[in-house]
Amino acid sequence: MTSLLVLGGVLVAVLLGRTAPAHATGDRLVDDYRSVFGTPGVAAAVIDGSSVETIVRGRDGDGDAVTARTRFRIASMSKSMTAAAIMLLADRDRVSLDDPVVKVLPDFRMADPRFTGITVRQVLSHTSGLSNSTNNEYVFPPPRSAREIVAGLADKTLAADPGSRPEYHNTNYSIAARIVEVVSGKSFDAFLRTELFTPLGMTGTSSTLGCSDRAEGLPSGYEVVLGVAVAAPEMPGMCVGNGGVISTLDDMVRWLRFNQGTSGAGLLSAGSLAELHTVQPKAGDYALGWQSRPVAAGAPPSVIGHGGTLATWTGDMVFSPRTGVAALVLTNSGGDPSLLSANLLAERIGAPATPMSNPLTVVNAVLLGLTVGMAVPLVTAAVRARRWASRRRAARRPRLVLRLVPLALVTVLGVVLPAVIWGAFNFQYWIVTAWLLPLLVLFCLTCCVLGAVALGRRLWCFRRAGQATFAGGGVGCADVSASRLTNGVQP
């Protein structure tokens, strides 16, 4: 029966995991994306010279229609703003990209002598040597400020020599945010607001320290599972400098125009703006808050972009330095907005588009099938525990233990599976899993709770059955009818 249920889940997954072809207009591309990913709200734009095509669809977390002024968390797209803040200070000769971080941030300490060689450039290009393997970014409760994040590095080590290889690590940009605070004498949010957002006319943009902090005018995002969207709070996390900006489609169009060099002239020098978009030494495809990308799979890198992903918000922005065409996508749920932004850009410049599909549809459908497939035998085992115990009253103890091992393993699997999936035996990953893969949590809870109930009931009934045999009778789990014993039921 279990195998049939699992097979049914897989078949449902195949039926639900549809792929949408790329169509010839931005409106259809956005509609296809929403259909494939079940996204409640999308705000997108295509910039081509002086023209801007905006496409808004769906609803926000309050149930209102999405508009070009709806506020979204832009997640890691914020890194481009943090890098620009550092470059503003560099233009004013307050800091140099090749300064050691300890020169501009005297309180910066690590339990690794190599930390003194980390430069500002390496922090911004993710080549500092910091890694999640030695500095877990998913601690709960998360640090509340850039100061706390930097202080928390005092007992951490590096995973590589500074400047030797790239590893994307959000803490790099929290260090950069702290540099902005110390050098400017302002809070990070105040510096962004006064030195970047206000001069560029980005009046609907602000930032928060935490990923889940409340902000004025910000509705909740959504969790979407198998096409069902539920408004949900964002997962707690440290977002200062690396993912805490909240913005609107209108404001992000201004941000892209600034990076294209068509607005905000004089805010940054031409050389500094170009440096932001230049791939850095030993950084792979990473520049400074931006990445070099192909416009389509298999093509050489030819565009500059950056995505952003939180549990309930995703977005992406990309532009072509050669043609000046840019695309921008903001969504209020999980998904893969880089597919949509790439297709919007490709459609405008005549490049091949990429069909859109949602692999999580298959994953979630299979998880649902596995959950049902696991629940049925576990409930059956718990309900029939008395019958199981009566049949095994005379069984030898080693054989009895072996028969209980599968239930024990299922129970343990439910407890440790999230930690195993994330590569570390740390139960805080239950929290991460709850936001990113809620059906995996349901599967784990099914294994853990129902497995423990079935195992406990079998042991209790076996014990009661033994007591009844010793006493010559009994009740409850030991209350097995004489007709069953005389009709050939074997121990």
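Predicted model: local features only at pLDDT ≥ 70, side-chain atom pairs only at ≥ 80, totals over all residues.

Author: Asp 189 is partly exposed, with a relative accessible area of 23%; that label sits between buried (under 20%) and exposed (over 50%), using a 1.4 Å probe and protein chains only. Arg 193 gets the partly exposed label too, at 37%. These two form a salt bridge, and their closest N and O atoms are 2.7 Å apart. The term means a side-chain nitrogen of Lys or Arg within 4 Å of a carboxyl oxygen of Asp or Glu. Both sit in helix H8 (residues 188-197), four residues apart, so about one helical turn separates them. Helices here are DSSP runs of H or I with at least four residues, strands are E runs with at least two, and both are numbered from the N terminus.

Residues are numbered from 1 along each chain as its sequence is written, and side-chain values use heavy atoms, leaving out hydrogens and water.

Now for some other bridges, out of 19 in the structure. Arg 348 pairs with Glu 53, with the closest N and O atoms 2.7 Å apart. Arg 348 belongs to helix H11 (residues 337-349) and Glu 53 to strand E3 (residues 51-58), so this pair ties together parts 295 residues apart in sequence. Lys 103 bridges to Asp 99 at 3.5 Å between the closest N and O atoms; Lys 103 is exposed at 58%, whereas Asp 99 is buried at 12%.
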